[in-house]
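Please open the model in a viewer and keep the selection panel at hand. The tour moves from one selection to the next and states what is found at each stop.

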Number of protein chains: 2
Amino acid sequence: MDVEIITIGDEIITGHTIDSNSTFIAQQLTDSGFNVKFTSSVGDNIEAMEEISRVALKRSHIVITTGGLGPTDDDLTKRAIVKVFKRNLVFHEDILAQIKERFQRRGVEMPALNQNQALLPQGARFFPNKYGSAVGICIAEEGRIFIALPGVPMEMKQIFSDEVLPYLKSLKTGSTLKVLKLRTTGIIESKLAEMITSNLKFEQGVRLAYLPSFSGVDLRVMASGATEIEADTRAHTLEKQIENICFKYIYGKNEETLEGLVGQLLKDDGKWLSVAESCTGGQLGMTITSVTGSSAYFKGGIVAYSNEIKNSQLGVSNEILNADGAVSDQCAIAMAEGVRKLFNSDYSLSITGIAGPDGGTSEKPVGLVFIGLASSNRSIAHRFTFGTERNAVRSRAVYSALELLRRELLQIS
Amino acid sequence: MDVEIITIGDEIITGHTIDSNSTFIAQQLTDSGFNVKFTSSVGDNIEAMEEISRVALKRSHIVITTGGLGPTDDDLTKRAIVKVFKRNLVFHEDILAQIKERFQRRGVEMPALNQNQALLPQGARFFPNKYGSAVGICIAEEGRIFIALPGVPMEMKQIFSDEVLPYLKSLKTGSTLKVLKLRTTGIIESKLAEMITSNLKFEQGVRLAYLPSFSGVDLRVMASGATEIEADTRAHTLEKQIENICFKYIYGKNEETLEGLVGQLLKDDGKWLSVAESCTGGQLGMTITSVTGSSAYFKGGIVAYSNEIKNSQLGVSNEILNADGAVSDQCAIAMAEGVRKLFNSDYSLSITGIAGPDGGTSEKPVGLVFIGLASSNRSIAHRFTFGTERNAVRSRAVYSALELLRRELLQIS
């Protein structure tokens with residue numbers, strides 16, 4: 001069944017709040033096999049709300065709104081519902097009693113304004129709200145279902161999970177959808193697509209999406225089926241096919257991260273890591289320590305932003321700094337070896353490059369980065385070019401360093 | 001003029017990515033006095049994209065889409081445009097040349113797939129993309145403007161700011177809106193609101209919004225007027241009033257950042273900074289070096305994630321580590337003094353705390369952070385509690401450290 005989500009509020013439409021409500025509802029519904037077709041947002045404007053509700057009811061079986069159910073003047077959702085469905089508002093004594101009780105428990109007298117919240121469109125059913133005074137509203141008419149939920153995320157989530165999702169699942173018939181994600185790094189989107197499409201013919205009912213970010217390209221596998229088993233089977237068949245084609249670039253699945261995975265490998269192995277950073281200024285260390293429990297394998301690092309510190313702290317020789325320069329494979333190796341020795345760690349990573357926008361030359365342009373790795377086995381450095389945008393250069397350098405370590409730990413060449 | 005924003009992608013409609021693109025565009029347009037009336041999202045589905053584009057073009061003057069312009073198969077925006085506007089795709093040699101050059105610069109051969117990106121709907125103008133191969137597309141027809149931008153946030157933001165916004169502003173007539181931003185830190189939203197509303201009566205035509213983030217609370221001043229001068233005068237009057245009330249907490253205006261401002265102060269003074277980080281793992285260094293030209297005042301730092309490194313590198317005594325613990329004002333001071341000496345810098349900052357979710361005790365709960373500062377004058381440490389969410393604790397610690405240095409440099413107590 002097609003679903004449309006509408007979030008209501010001036011704070012969304014003016015870009016002052018990120019709309020996380022529709023993300024939450026969309027994910028829950030997709031994971032339960034519903035087809036979320038559209039999401040939209042409107043401000044606190046009754047005409048716009050009517051317009052968007054009418055359009056949604058025409059093209060989608062289920063319409064879910066959030067926001068605009070509070071007691072204050074700018075909360076207009078019920079007024080819009082009444083117009084769209086041509087119904088009156090009816091007063092519900094039982095809802096009023098519940099609201100009064102809620103205020104009593106908090107030791108506050110109920111403001112008169114809250115009486116409005118006991119008014120419901122005629123013939124509507126309601127979903128109780130555990131954390132607030134605005135109940136969820138549900139109207140079913142002519143094969144369409146319209147559900148209005150409060151906008152406060154905590155309240156919305158409670159009503160949605162406890163009431164709305166079970167209700168919608170009970171109505172569900174027909175096909176189901178399975179979604180999973182394969183995470184790749186070290187290869188650009190178009191190359192990956194070429195590799196996959198030239199080796200794979202997609203079966204019916206499956207789709208693949210490419211989602212690039214600084215950490216790499218995620219592959220989203222979507223498979224539909226008449227039953228859950230059918231959708232599952234299709235999704236996992238495609239997953240296996242893709243893994244066979246580009247296993248080298250796949251580091252994880254679904255919510256796994258490169259930093260989490262590398263951390264797990266180090267932890268399992270009882271190994272310690274340290275880092276030496278120049279152009280990333282600490283971002284590699286920050287990314288590694290974004291993982292809870294990283295103190296079990298990460299000792300720390302040196303941010304050697306100036307050549308003086310590269311020399312005095314990391315022991316990069318003035319010969320290297322003068323002859324090869326700070327942005328060179330020699331310097332990357334010396335940095336990695338320097339911090340490994342200083343911190344007495346098993347592995348170390350180093351990053352040195354030109355993040356831009358200034359500081360580039362024709363020989364060493366902005367975006368040029370050398371990444372080093374040192375272990376008891378060997379020291380290596382790789383050369384990368386990461387474009388011209390400072391933040392992108394730094395972020396790509398961080399994930400490339402983590403990928404270098406992943407391959408070293410797994411002995412992937 | 002009414003604007004409608006449409007974001008395209010299965011990852012949005014399935015709730016796997018939060019839609020930050022429409023938030024960015026909505027905020028920029030609102031700040032420039034446009035009326036964003038609707039935002040919506042669709043998946044990578046050509047019929048749904050057609051449907052939503054047609055509805056949008058009927059009810060809004062300007063329609064802006066993001067996503068679906070990449071080279072891979074799931075990028076369908078252009079195919080939808082062609083159907084909606086009944087135009088053919090035309091090949092642009094100049095765009096192809098630019099894409100080829102971009103790949104050349106990165107030392108990669110252009111995959112054949114990218115050729116698609118040189119196809120544009122007949123009669124469309126295009127907006128160049130500095131960071132990627134998908135250009136922005138603009139079609140003007142019958143009083144409506146349709147703009148399609150790539151979905152990668154970095155690329156979208158560049159094209160929007162450099163090309164789209166100036167273009168749309170040039171079309172604008174009618175009443176004008178002046179928006180400016182005062183940036184505060186070190187005070188929570190409700191306290192700031194109390195301070196301002198109890199001291200200030202708002203004049204007609206002005207509005208104030210509070211925008212909290214990890215770096216502090218931004219105050220958005222919005223003033224409308226029949227002329228630009230009127231709007232300007234109103235905005236600056238309110239700005240001055242607010243400055244008088246809470247000057248102590250205001251560190252900058254509009255796009256100024258705390259890290260940029262502190263950097264400028266150090267640079268003007270010819271002073272050098274170094275840092276010692278524990279729970280932030282490098283985030284303070286990363287934030288400082290996110291500023292272009294930070295090599296003029298930032299030497300680097302030590303990430304001392306383990307106690308071993310705090311002792312061996314920073315010289316924090318075992319007495320402090322055992323008696324007071326790593327999360328203490330004594331340790332923060334020793335870390336700051338240690339790195340200042342080691343790096344021979346004028347100022348140094350240190351951060352040590354419990355980022356969570358684990359590692360808290362009743363005496364030292366998750367979110368407890370000590371921030372130290374050392375200079376030739378004095379060493380100090382401040383105690384903070386930053387809540388319980390790991391990312392929030394770390395980010396707030398970074399900005400509190402920068403604010404501590406700002407006040408030291410400006411001698412604000």
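Begin by selecting chain A and chain B together: about 6,100 Å² is buried between them, and carbon and sulfur atoms give 58% of that area. Buried area here is the accessible area (1.4 Å probe) that two parts lose on being put together, summed over both. Within chain B, highlight His16(B), Arg106(B) and Tyr305(B), which supply 10% of the area that chain B buries against chain A, more than any other three residues. In terms of contact (heavy atoms within 4.5 Å), 78 residues of chain B meet 80 residues of chain A.

The model is predicted, so local features need pLDDT of at least 70 and side-chain atom pairs count only at pLDDT 80 or more, while totals for chains, interfaces and linings use all residues. Residues are numbered from 1 along each chain as its sequence is written, chains are lettered from A and ligands numbered from 1 in the order in which they are written, and side-chain values use heavy atoms, with hydrogens and water left out.

Next, select residues 62-66 of chain A, which form strand E3. Helices (H or I, at least four residues) and strands (E, at least two) are DSSP runs, numbered from the N terminus. Five of the five residues of E3(A) are buried, where buried means under 20% relative accessible area, exposed over 50%, and partly exposed in between (1.4 Å probe, protein chains only). Ile62(A), Ile64(A) and Thr66(A) cover one side, with Val63(A) and Thr65(A) on the other. In a regular strand the side chains alternate between the two faces of the sheet.

Strand E1 (residues 2-8) of chain A pairs with E3(A) in the parallel sense over five bridges, and Thr7(A) has Thr66(A) as its bridge partner. Strand E8 (residues 144-149) of chain A also runs parallel to E3(A), joined by five bridges; here Val63(A) is bridged to Phe146(A).

Move to the open sheet of four strands in chain A, ordered E10-E11-E9-E12 with antiparallel pairing. Which strands lie at the edges? They are E10 (206-213) and E12 (250-253) of chain A, each pairing on one side only. Neighbouring strands of this sheet are turned by 25 degrees against each other on average, direction ignored. Strand E9 (residues 176-184) of chain A pairs with E12(A) over three bridges in the antiparallel sense, and Gly252(A) is the bridge partner of Arg183(A). Now show helix H7 (residues 189-197) of chain A, which lies across E9, E10 and strand E11 (216-225) and runs at about 160 degrees to E10(A). Axes are lines fitted to C-alpha atoms, for helices over the stretch in contact, and angles run from 0 to 180 degrees between N-to-C directions.

Select Glu50(A) in helix H3 (residues 46-59) of chain A. Glu50(A) counts as buried because its relative accessibility is 11%. Not counting residues up to four places away in sequence, Glu50(A) touches Ala80(A), Lys83(A) and Val84(A).

Turn to helix H3 (residues 46-59) in chain B. Of its 14 residues, 10 are buried, so H3(B) is largely enclosed by the rest of the structure; among them are Met49(B), Glu50(B) and Arg59(B).

Finish at helix H14 (residues 390-410) of chain B. Here 18 of the 21 residues are buried, so H14(B) is likewise largely enclosed by the rest of the structure. Gln411(B) follows H14(B) and has a positive phi, near 50 degrees.

Terms used
Pairing = 2+ DSSP bridges. Expected span 1.5 Å × (residues − 1).
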